[in-house]
Every structure is written in C-alpha cells, then in structure tokens.
Amino acid sequence: MGLKIGVIRGDGIGPEIVAEAVKVLDAISGKFGHTFEYEEILMGGASIDVHGIPLTDEAIARAKAQDAVLMGSIGGDAKTSPWYKLPPEKRPEAGLLGIRKALALFANLRPAKLYPELAKASPLRDDIIADGFDMMIMRELTGGLYFGKRYTEVVDGLTQAVDTLIYNENEIRRIAIRAFDIAAKRNKKVCSVDKANVLDSSRLWRKIVDEVAADHPDIECSHMLVDNAAMQLVKDPGQFDVVLTENMFGDILSDEASMITGSLGMLPSASLNETKFGLYEPSGGSAPDIAGKGIANPIATILSAAMMLQFSFDLDEEAKAIENAVEQVLKDGYRTIDIVPRDGSDFVQVGTKEMGDRIVERI
Ligand code: IPM
Ligand code: MG
C-alpha cells in the first residue's frame, strides 16, 4: 500500500521521538511491503522561527493532503523561550489548537494501559494495580473551554478574564457515538465524566450521552463526576474501559491516566475526524528540560504510529507488530530513564535512539 504521511517533528523532544517512530514505520513498510512517503510540515515553535506564526495556511493544506499526520510535540519553556513573548494566539500551542480545529479532529483517543513489566514504574501501590488496567480516554477535542470566547477586560476598575465553555448537542453526540463504537470493540463499558452537579454544559452532556446510550443497549453506560473520576483513577483504575469526557477534563484526566501507567512517555494518542484521516501524537508535551539529551522515551510516539496504522490505514496486523515489539522490548528489560523500576529490580537503561533500535529489531 502506498500512503502519504505528514510529519510534524515540532519542538523540544519532538524531533528526537519522531525520528524513532519513523524508523519503526520504515521497518514495518520493509517487512510488510508498503510504501510510506513522508511530507515534512512545520508547526508550533519550529513554524514561528521560520514564518513568525505557529501554523500557516500552507501547513494546514499540506496536512489535509496526507492520509494521516504523525506529530512529535510542540512548545518550549514558557519562562525562557522567546515564543512566549508573543501574544497567546501566536504561541506554539495556538498552532496545535488551530490544526485540531482546521481538520475537525473532534475525537481524541488516549489509551492508558498498564504493561505488567512496568508495574514497578507506576506510582500506584502494588495491590491497586495487581489486576492491571486498560482504559481508553475519549476526549472531545474541538469544543468546550479551549474554543470558547476568551478575553480580558476591565470592569469597575478591576481586571477580569473570561473563558466560555460551550457545547452544542451535535458536538456531544458525535463524540459519544464514537465512544460507544469503540467500547463495542473493547469491554463494552462507557463511563461518561462530567460536572453535572454544577455545569449546564455537563447536564446537556449527560442528557445526550444517555440518548446515545439508549441506542446501544449492549454497552453498559455510567456517569461519574470529574472530581470523583480523578480520585477513582488512582484508587481503582481497573474499573474503567472507555472514559468519555469533554476537552478540558480529558486533558487533565489523561495526564493522570498516563502517569499511573508508569510515565507520560508511554501514552499515545489519535485525533480523528469523520473521515479516516487522523493526527497521531504522544499525549505528553515537548519536555524542553530534557530536549537534545537523547534520553526521552520514544514509546508513546511509536505507539501513536501504531494507532495510525490501525485507525487511518486499517493495517491491524502491522499495528499489532509494533505493539508486540514494544511489549517484547519491555519484557527484555530495556528502559528509558522515565520508566525505570522504583524497587531497584534489574533493567537495562537505554536512550531514545537505542530504545527505537531495540524495538525495530523486534519487528
Ligand atoms: C495535550 C496538551 C495540549 C492540550 C496543550 C499543549 C495545548 O496538553 O494535548 O494534552 O491542552 O490539549
Ligand atoms: Mg495535556
């Protein structure tokens, strides 16, 4: 199969981790006889440095022309990087929000599962994770607080800032339908997370989710308040299958979910629209503090490439080959610094590049 893959290397550790994912994709194309053509696309700080803005119309057009896009991470150190002297709409993050919106990537899938080999890297107590966990956070990605009106004004001599949280029923319905579809292929449970005891947007969210649930009698649907969900994630993560939630709650809960797997460096993500197109990126950030040191964990990006094969290209066997290689490398004891066992048990410490090489060897 000949496929066009856009590559946004991005900022911070982005270029390092993307290089490893591309290496893995090349191993897959070699083994399974596909042709992947890569098209470099600038976004975030890397685009600011060249074009003065984090996302150009040309970059959007080029992304749209691909079958899928693989991304590293964007953004820098807010204290020291010149990018953060720019107004907010010209900073790196605005590029990421812009491309999500421009490509209508409303469904963000963030799978958080515990690899048994990494149980000793998880900050959770052994008895809590004894039976493991495997959940899919489904985060709405193009609505809510992230895309409401925002402004700062002075009222009666006092400066105040306003962010609005708006969801219409269609925005809720389409992500809910996606969540139930995905649950049907998993353990048939959807837990919708909201703040319906306070927010109107959450009450509408709950109503629409219930309507969608009524069309899916084979899927168990439950609702949970977000504060409770944050607590349940560390108390009993095994209870979750698909966790469906709005943009901001999903941002927060997915960082939490990733950390209990051992490291933010393990969590891939897929951002999908109504077509087969998707943007695939690790859930973690650009980690400017460790950029260029060759120590970042490339696994989240490599697993994001696997999600691309599965969701955009329907290459399930190839995706599985990557997942198995990652599992094997962990079984064989290789660890980047973020996932070393906390109890002093044996491991082989590797850097970004060697982790990529060891995974390629196992494909
Ligand atoms: C994420 C990131 C982004 C978000 C930032 C960089 C804007 O935290 O993808 O989770 O909040 O969506
Ligand atoms: Mg986040």
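Domain bounds here come from an automatic or database domain assignment. Hi everyone, with that said, the chain splits into domain 1 (1-121 + 263-363) and domain 2 (123-260).

A quick word on the basis. This is a predicted model, where local features need pLDDT of at least 70, side-chain atom pairs count only at pLDDT 80 or more, and totals for chains, interfaces and linings use all residues. Residues are numbered from 1 along each chain as its sequence is written, chains are lettered from A and ligands numbered from 1 in the order in which they are written, and side-chain values use heavy atoms, with hydrogens and water left out.

Now, the two domains. Their centres, taken over C-alpha atoms, are 23 Å apart. Contact means heavy atoms within 4.5 Å, and 27 residues of domain 1 touch 28 residues of domain 2 in that sense.

How much area do domain 1 and domain 2 bury between them? About 2,400 Å², with 58% of it on carbon and sulfur atoms. Buried area is the accessible area (1.4 Å probe) that two parts lose on being put together, summed over both. On the domain 1 side, F106, R110 and L114 lose the most area to domain 2, together 27% of what that side buries.

For those of you who like charges, there are 2 salt bridges across this interface. A salt bridge is a side-chain nitrogen of Lys or Arg within 4 Å of a carboxyl oxygen of Asp or Glu. As for a named pair, the side chains of R342 and D126 form a salt bridge at 3.6 Å, N to O.
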